[in-house]
Amino acid sequence: MQVVRVEMEGLTTSFRYPHFMWGRHPTFEMPPPATIYGHICSAVGEWMDPIGLRFGYTFTHEGKGEDLEHVHAISPGTGGPLRQRKRGVVFAEPVNIQGNVNPLTREFLFRPRMTLYVSPADLAEYFRSPRYPTVLGRSQDLMSYRRVEVVDLERAPRAYYEHTLLPWEMQVRVRRGVTVLMPRYVDYSRGREPAFERYVILQNRVVLRPVEERQEDLDEEERPVIRYEDEAMLHWVDPDSPEYKGAKRGVWLHGFTE
Amino acid sequence: MLKFTRHPFVDVGAAAITAFAGKSRPEDLSRQDLDEVADFIERHYTRDPLKSFLTAIFPNSGYVQPAMKPEKFAAFLNRYLYGYRNEESVSGLRCVYCGREASVRVFRQHVPMLTGEGILNFFPRSAPGLPVCGFCLLCIQAFPLGATKSSGRTLIIHSDDEQVTLRAAKNFFQDNLKYLNMRDITKYPDQKYPRTVFVDQVLRISEDYLQGQEHSPSITLYHLTNYGTTADVGILYLPSQIVEFLSIASSAKFGRIWGEIVRRAWQKVDDARPGVARNFLYEDLFELPERAARFVQIYFLRQGFRASARFKDDPRSGYALERELNLVSWDLTAMFLREVMEMEAERIKAIRDLGDRFSSYISKTNDRRFFRDFYRIDKYGQLRGLLIKASNAEVRSGRSPLIGFDEFITIFEEGEELPRIDWRLARDLVLIRMIERLHQEGKMIEELTPEEEEVPGGEAAEG
Ligand SMILES: [Zn+2]
């Protein structure tokens, strides 16, 4: 399967939990699918139909920090001229929006690096010449594309996964990681209506392979911790990734809506 | 009517209501159950001890505003607590939690951590407020019933396994009922040390539920305050591999030793129980796998830990191998390596075999010096020198070398799958197996261990 593979890096990034708006903005450890959707659309230059669009990634960072961020908390104005004196100034203009500056704690990730896989592969030209500034996270979190290639993912009976996002259903197979509820897709045609989905954030490497007879002979205790699939399962793997225990790196291709 | 939505506030609220009604799933709740819990909330949220607790969850809400006029308060309750009875709807918008038709837009006084009334930021189309339905809103109003107070904040436990969310909320709800039934209590009791409270709950749930499960869920703690300018949320994850480790460690096979290791990790105070004291082992779990080498050294090899001045009551400073030989368990350590550190079975076996060979060697030759040196070494070159020297001596005596080249590489150098593994950790692991074997054979480890003044490895000292 042909996909675009985009290697990118940046200095900082931050992925807000959408329902924690005030006081602290914690960050997810990895970009939510809705963020990736926005990223792809920014390269293309328009809101794309999410149907048929697929992505996978590996994402790492070098640490988490926190910062005080000024939020201009805005609210509807009166619509009339602002009569009251503020520091000796009277504004004659009608006030439609007014605001106050508030400090919030914002968590951020340092030195993010991502290898993003996107299908269909004919989007490659947009990543070679993105329409809008390349950011990941906040608008100030600039990213640099280091390499854009079209690669052929291969099907393999074994694969390893690491530093990636898996569908929650895979939790019973990898038996590792942290479950998070993430924005999966934000529908701009319906007033930015959000859809959420559960995912597993998997940091450490997990090898998935079919059960081998050799393992069945082992005591329960000596068996590797991963419960392998009973039935054969084919993985998409990146043929250019380093080999580990006879496996290449798996690329889990997520959809945004289906 | 009610269901789990996978959002922590709604789910913990649904779980608390389920516990309140004595049912086993939110789907089983009847309209009457909802009316009863809403009535309970109306009666208890406006007076202590809950009222003082709620100012940090729903500040500026009707529950905690003494100045609110009765008719305004009634309207508040009708809209935000009894909203599930109304036909109200926000045209065309769906509840962000469950997808049903939304009935009202809510702000920070109704749902913690949202923005204050009228603020446009973070909402689409310049329309302030989060659209929610009456049922989810009832759950959110009820979530403090399934929460506890910790260090002045609200603490809830949420999991992708609904049973875990239910059981944690039920435990906290039963505590809350006890407080409400105490006549002389005005202040909601505060449980210190959220991490300790968290792991204590997980272990309680482990005993009667998790241990029977095929695989372990991931469990999350939310520790929040919605109060004034200090609003803040802390999120702590126990990944499924740590939950799995805790379940196995407290199962029958390891229960006795593990229980004792846990017992000796309690803060040294008069009343050492969760909520009053911290358990250092519980809290150190959150630094895994990053600080696994230190964890092994302190809890499995029983190495004294030079406590920082902050914690005078840190029990770990009193750990001493010579006195705690019966707590040194290779099997428990190996399980930790497998579950938490993801060490390959082949490598664990190689370490165990080397520990066996070294302990036989010491048994046979009574080479106390070898044991002492191996224990004390703190430079990699010394380790290699020591092993080469002892191997040569064996070969000169017509026996096979103590350690082969490939084995040495496998155990002390091969860190491909886990760069965290350093040679000190490998040494500590070999030691754990050696000590267990020598102790079983009745060898006097006390004579073999070095003098007190040296802290082997030096790793344990907190910088
Ligand atoms: Zn709802």
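**Entry 1: a helix in chain B**

What covers the buried residues of α5(B)? I began here, with a model that is predicted, in which local features need pLDDT of at least 70, side-chain atom pairs count only at pLDDT 80 or more, and totals for chains, interfaces and linings use all residues. Residues are numbered from 1 along each chain as its sequence is written, chains are lettered from A and ligands numbered from 1 in the order in which they are written, and side-chain values use heavy atoms, with hydrogens and water left out.

I found that the cover of α5(B) includes α1, α2 (31–44), α4 (70–81), β1 (104–106) and β2 (130–132) of chain B. I noted that contact means heavy atoms within 4.5 Å. Helices (H or I, at least four residues) and strands (E, at least two) are DSSP runs, numbered from the N terminus.

I then looked up how much of α5(B) is hidden. Helix α5 spans residues 134–142 of chain B, and nine of its nine residues are buried, so the rest of the structure largely encloses it. Among the buried ones I listed Phe135(B), Cys136(B), Leu137(B), Leu138(B) and Ile140(B). For the term itself, I wrote down that buried means under 20% relative accessible area, exposed over 50%, and partly exposed in between (1.4 Å probe, protein chains only).

**Entry 2: the two chains**

I counted 18 helices and six strands in chain B, while chain A has four helices and 19 strands. Of the 463 residues in chain B, 58% are buried; of the 258 residues in chain A, 50% are. The C-alpha trace of chain B spans about 95 × 45 × 40 Å along its principal axes.

I also checked surfaces, using accessible areas from the Shrake-Rupley method with a 1.4 Å probe, where for residues only the protein chains shown count as cover. Chain B comes to about 19100 Å², with 46% belonging to carbon and sulfur atoms. Chain A exposes about 12500 Å², and carbon and sulfur atoms supply 48% of that.

For contacts in chain A between residues at least 6 apart in sequence, I noted that 75% join residues at least 24 apart. In chain B, residues 24 or more positions apart account for 69% of the contacts with a separation of 6 or more.

**Entry 3: strands of chain A**

How many residues of strand β15 of chain A are buried? I found seven of the ten in this strand (residues 193–202), so the rest of the structure largely encloses it. Two strands pair if DSSP finds at least two bridges between them. Strand β14 (residues 178–187) runs antiparallel to β15(A), with nine bridges, and Val186(A) stands opposite Pro194(A). Five residues lie between the strands of this hairpin, where Gly191(A) takes a positive phi near 65 degrees. Strand β13 (residues 164–167) is also antiparallel to β15(A), through four bridges; there, Leu166(A) has Val200(A) as its bridge partner.

I next followed an open sheet of five strands in chain A, in the order β10-β1-β9-β4-β19, with antiparallel pairing. Its edge strands are β10 (143–152) and β19 (254–255), and each pairs on one side only. Two bridges join β4 (residues 54–60) to β19(A), and Phe55(A) stands opposite His254(A).

**Entry 4: the largest cavity**

Grid points are joined across faces, edges and corners, and a volume is the space filled by probe spheres set on the points.

There are four cavities of 30 Å³ or more, and the largest holds about 290 Å³. Its lining has 23 residues, with Leu181(A), Arg6(B), Pro8(B), His158(B) and Tyr222(B) nearest the centre. The elements giving two or more residues to this lining are β14 and β15 of chain A, and α1 (8–21), β4 (153–159) and β5 (219–225) of chain B. I noted that β14(A) gives the largest share, three residues.

**Entry 5: two single residues**

Is Pro94(A) buried or exposed? I found Pro94(A) exposed, at 53% relative accessibility, in strand β7 (residues 89–94) of chain A. Leaving aside neighbours within four places in sequence, Pro94(A) is in contact with Gly79(A), Gly80(A) and Pro81(A).

Ser247(B), in helix α8 (residues 240–249) of chain B, counts as buried at 8% relative accessibility.

Definitions and conventions
On a 1 Å grid over the protein atoms alone, a cavity is a set of points where a 1.4 Å probe fits but cannot get out, and a pocket is an open set with protein on both sides within 12 Å along at least five of seven lines; lining residues have an atom within 4 Å of a point.
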